[in-house]
2 protein chains.
Amino acid sequence: MVAEIICVGTELLLGDILNSNSQFLAKELASLGIPHYYQTVVGDNPDRIKQVIEIAVGRSQLLLFTGGLGPTPDDLTVETIADFFGVPLIEKPEIIADIEQKFAQRGRTMSPSNRKQALIPETADILPNRSGSAPGIIWQPVPNVTVMTFPGVPAEMHLMWQETAVPYLQNGGWCSATICSRTLKFWGIAESALAEKVESFLNLTNPTVAPYANHGEVKLRISARADSSVAAKKLIEPIEQQLRQIAGLDCYGVDTDTLSSTVGKLLLEAGQTLAVAESCTGGGLGAMLTGVPGSSSYFLGGIISYDDRVKEGLLAVNPQDLAEFGAVSHQVAKQMAAGVRARLNTSWGLSITGIAGPGGGTDAKPVGLVYIGLAGPGPGDEAESFEYRFGDGRGRDWIRNLSSCTALDRLRRKLLFVKA
Amino acid sequence: MVAEIICVGTELLLGDILNSNSQFLAKELASLGIPHYYQTVVGDNPDRIKQVIEIAVGRSQLLLFTGGLGPTPDDLTVETIADFFGVPLIEKPEIIADIEQKFAQRGRTMSPSNRKQALIPETADILPNRSGSAPGIIWQPVPNVTVMTFPGVPAEMHLMWQETAVPYLQNGGWCSATICSRTLKFWGIAESALAEKVESFLNLTNPTVAPYANHGEVKLRISARADSSVAAKKLIEPIEQQLRQIAGLDCYGVDTDTLSSTVGKLLLEAGQTLAVAESCTGGGLGAMLTGVPGSSSYFLGGIISYDDRVKEGLLAVNPQDLAEFGAVSHQVAKQMAAGVRARLNTSWGLSITGIAGPGGGTDAKPVGLVYIGLAGPGPGDEAESFEYRFGDGRGRDWIRNLSSCTALDRLRRKLLFVKA
C-alpha cells in the first residue's frame with residue numbers, strides 16, 4: 001500500500017512559502033514504514049486538483065492532502081475531492097459548535113464564512129483539529145483509496161497527524177515494518193568533523209546512521225527497521241553508546257532535547273538558579289530558556305542591556321571599562337555576567353555582548369564578534385569570558401541565534417565540569 | 001506556454017531535505033510571467049521518472065528538472081529523459097575537460113565516475129554549471145516541449161538559472177508578461193473577518209487579491225500582470241489604496257515590514273524610546289524588537305521578570321498587589337510597564353504577563369490568559385492594561401509569540417493615536 005502527498009495552494013506555485021508540509025509528511029511516512037513515490041503541488045483550481053486526484057488514485061492508495069481547508073472562497077480542497085468522487089457535502093453541526101467555541105475562547109464571534117469549514121462529504125469522518133478552526137477528513141470514497149485532508153498551517157497539521165492519523169494508520173495495518181529512530185544532538189563540532197569521527201558508522205545498513213546540520217547544530221540520526229519497536233530499539237542502543245563515547249561532551253542530548261532543556265535539567269539537579277544579561281541578542285537567550293515548560297524553577301529572569309546606560313545603571317558595568325574596551329569586550333561581558341548574578345541573586349549569571357550587524361563592525365571588531373560571560377559559584381568567584389567570531393556571511397539572525405545557543409552550551413559544559 | 005517543476009531525488013521522499021528548489025523556481029517563474037500549475041517530486045527511479053515525464057508533456061511545454069545530475073549510480077535524470085524521448089547519449093569532450101579543470105583547481109583528480117556527467121542527449125545543448133561539476137541541458141526533444149535540467153545543489157542551480165536559463169527564456173519569447181505583487185500585512189483581525197470585508201476584491205482577475213494567514217498574522221497579496229513592472233505597479237496602486245481604506249488601522253505594513261519594524265519607524269519619527277518588562281515571554285518581545293537593525297536608536301533594553309522577586313525588586317511591583325491579584329493581572333501588568341519605563345527612563349514601557357502553559361492554569365486564570373501593560377507620556381501618565389485570552393489549543397510557543405506580537409500591536413496603535 002502506497003501513499004502520495006498532495007499539497008494544494010496557489011501560494012506554493014507563487015513561491016510565497018516553502019513546502020515544509022511535504023517534508024514533514026515524508027519523514028513521518030518513512031518512520032512508519034509506509035512507502036510513497038510521488039509528491040504533487042497544485043494550485044487552488046478545481047479542474048487541476050481533479051486531474052491530480054485522477055492520477056493519484058491510479059497509482060496510490062493513501063492520498064494525503066494539505067492546504068485549502070480555510071474559510072475563504074479559494075479554499076476548495078474538500079469540495080473538489082467530494083465532487084471528484086461524486087459524493088455530496090453535508091454540514092456537520094458538531095464542527096460548527098467546535099468552531100464557535102474556539103472563536104468564543106478568544107473573545108471573538110464566528111464569521112459566516114467559517115460555516116464553509118463545517119461542510120464535509122456525507123460518508124467521510126472528521127479528522128479533528130484541536131488547535132485551529134478547519135477540521136480535516138478521513139474518508140474511503142471507493143475501495144482501496146483512503147483520503148486524509150489537513151490544513152496548510154504546519155502546527156495544526158502536525159498535531160492532527162500525530163493525534164489522529166498515525167493511530168489510524170497503525171491500527172489499520174498500513175505500517176509494514178516498524179522503523180524507530182533516535183537523533184543524537186551535538187553542539188560545538190562541525191558536521192564534517194563529526195562525520196569524519198564516525199565515518200565507519202555511516203555505511204551501516206540496519207540501523208543506519210545519517211548526519212544532518214541546521215542552524216549551527218549537528219545531528220546524527222540512528223534509524224532501525226525491525227518487527228517491533230522493542231526490537232528496533234535494541235538495534236539502536238549499542239550504536240548510540242558507541243557514538244556517544246566517540247563524541248564525548250559535544251553530544252548534548254537526544255530527540256526533543258534542546259540546549260535549553262539540557263541546561264535546565266542540570267540546573268535542577270544542582271538546585272541552582274540562573275539569570276541572563278543580554279546585549280546583541282536582546283532577549284533571545286531568555287526566550288530560549290523560558291521556552292522550556294517549568295523553567296521558572298531555575299530561571300529567575302534577566303536584564304536586556306541593549307543600551308550602554310542600562311549596562312552601567314542596572315548591571316554595574318564600569319563606565320571607564322565601557323569607554324576603554326568598548327561594550328563588545330571580555331571586560332564588559334564578565335561584568336555583565338557578574339552584575340546580573342548579583343542583581344538577581346542567582347547561582348549563575350550568563351551574558352552576551354556582540355556585534356550582530358549588518359552595520360557597526362570595524363576591522364578590530366568585525367560583525368560576528370561575540371563575547372559570552374559566565375559568573376558562578378566557583379572558587380575565587382571570578383567571572384569568565386569567551387570570545388567567538390561567527391563571521392558576517394549569514395546575517396544578523398544567524399549570529400544572534402548562534403550566540404544564544406553558544407552561551408547555553410558554555411553554561412552546560414561548566415555545569416558538567418562542576419558536577420564531575 | 002506553461003512550465004512545470006519536477007524535482008528528482010529519493011532524499012526528498014525520505015524527508016531528509018526541504019524542497020527549497022521548488023520555491024526558488026516558483027518565485028522566478030512568477031516574476032518572469034511564465035505560468036506553472038504543477039510541481040512534482042519523484043525518487044531516483046527510471047520507471048517513475050518516465051511516468052512523471054509522460055504526464056508533464058501532456059500538460060506543460062517547459063519542463064524544469066532539478067536533481068539527479070551527480071556522479072553516483074542513483075543519479076539518473078538525464079539518461080532517463082533521453083531514454084523517454086528515444087535519443088542516445090553521447091560523451092561531450094568539452095564537459096570532460098571542464099570537470100577535469102575544476103578538479104585540478106582544487107588540487108584533486110577527476111574520479112572515473114564523473115565521466116558519467118559528460119553524457120548528454122545527442123541533440124541537446126549544454127546548460128553550463130560554473131560552480132559545480134554537473135552541467136545541465138537545454139533541449140527541445142520534440143516540438144512544443146523544452147527540457148532544462150539543473151543539479152539539486154541550490155547554489156549551483158540558482159547561478160545556472162540566472163546566468164543561462166533566464167536569458168534563454170527571455171530571448172525565446174517565454175516571458176509573456178511581468179508579474180508584480182505587493183503584500184499588505186494585518187494584525188488584530190481574523191482571516192475570515194478580513195476576507196469578508198474585502199470580499200468583492202477576491203474575485204478580481206488582474207490584479208488578483210488573495211488572503212493568507214500564519215502565526216496569527218493575516219496577509220493580502222495583490223498580484224498584477226502587465227507588460228512592464230511599471231505598468232503592473234500602476235494596476236496594484238489603486239487596489240492597495242482601497243484595501244487600506246477598508247482595513248484601516250488593522251493594516252500595519254507591506255512586504256518586508258514586521259510589527260517590530262513598524263513600531264520602530266513610529267518611535268524614530270516621534271523621537272521616543274522604549275523599554276520592555278517581560279514575564280511569560282521571557283525575552284521574546286525584546287528579541288523581536290532587536291531583530292530590526294538599528295533598533296538601538298529607540299530600544300534601550302528591558303527586564304525579564306520571570307520570577308516575582310524580580311518584579312518586586314527591579315520593577316517596583318507592589319508585593320501586596322502580587323499577593324492579592326496575582327502576577328497575571330491588570331494591576332501587575334500596569335506596574336511592570338510603569339516600573340520598566342521609570343527604571344530605564346524611556347518614553348514608553350511595554351509589559352507582558354501571562355500563563356503560557358502547559359501547566360499553571362486555573363478556571364479563573366486559564367492557560368492563554370495574558371495581560372499587556374503600556375505606560376507612556378500620555379496625559380495623566382497612567383499605565384493602561386489589556387486582557388487577552390489566546391486559549392490553550394496551540395501550545396506554549398504560540399501563546400508566547402502571539403503575546404509579543406499583540407504587545408507590539410498595542411504600542412503601534414497607541415503611537416498612531418498619539419500622532420493623529
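How many residues of domain 2 of chain A are in contact with domain 3 of chain A, and how many of domain 3 do they meet? The model here is a predicted one, and in it seven residues of domain 2 of chain A touch nine residues of domain 3 of chain A. Sorted by class, the domain 2 side of that contact comes out as three nonpolar and four polar residues, with no charged residues.

Next comes the contact between the chains. Here 70 residues from chain A meet 68 residues from chain B. On the chain B side, the top contributor is strand β2 (residues 36-42), which supplies seven residues. That side of chain B splits into 32 nonpolar, 25 polar and eleven charged residues. The two chains also pair through strands: β14 (residues 299-304) of chain A and β14 (residues 299-304) of chain B run antiparallel and are joined by three bridges. One end of such a bridge is Ile304(A), whose partner in β14(B) is Gly302(B).

Within chain B, helix α6 (residues 154-171) is worth a look. Its 18 residues reach 24 Å from the first C-alpha to the last, close to the 26 Å expected at 1.5 Å a residue. Even so, α6(B) has a kink of about 40°, centred on Trp161(B). Trp161(B) is also one of the buried residues of the helix, along with Glu156(B), Met157(B), Met160(B), Thr164(B), Ala165(B) and Leu169(B). What do the buried residues of α6(B) pack against? Their partners in chain B are helix α2 (20-32) and the strands β3 (62-66), β6 (125-127), β7 (136-142) and β8 (145-150). Just past the end of α6(B), Gly173(B) adopts a positive phi of about 75°.

Back in chain A, Thr205(A) lies in the loop that links α7 (191-197) to β10 (208-214). Is Thr205(A) buried or exposed? Thr205(A) counts as exposed because it has 6 other C-beta atoms within 10 Å, and the cut-off for exposed is 12 or fewer. Arg225(A) is 20 residues away from Thr205(A) along the chain, and the C-alpha atoms of the two are separated by 9.6 Å.

Methods
Residues are numbered from 1 along each chain as its sequence is written. Chains are lettered from A and ligands numbered from 1 in the order in which they are written. This is a predicted model: local features need pLDDT of at least 70, side-chain atom pairs count only at pLDDT 80 or more; totals for chains, interfaces and linings use all residues. Two residues are in contact if their C-beta atoms, placed from the backbone, lie within 7 Å. Helices (H or I, at least four residues) and strands (E, at least two) are DSSP runs, numbered from the N terminus. Ala, Val, Leu, Ile, Met, Phe, Trp, Tyr, Cys and Pro count as nonpolar, Asp, Glu, Lys and Arg as charged, and the others, Gly among them, as polar. Two strands pair if DSSP finds at least two bridges between them. The expected span of a helix is 1.5 Å times one less than its number of residues. The bend at a residue is the angle between axes fitted to the seven residues ending there and the seven starting there. A residue is buried if 20 or more other C-beta atoms lie within 10 Å of its own, exposed if 12 or fewer, and partly exposed in between; C-beta atoms are placed from the backbone.
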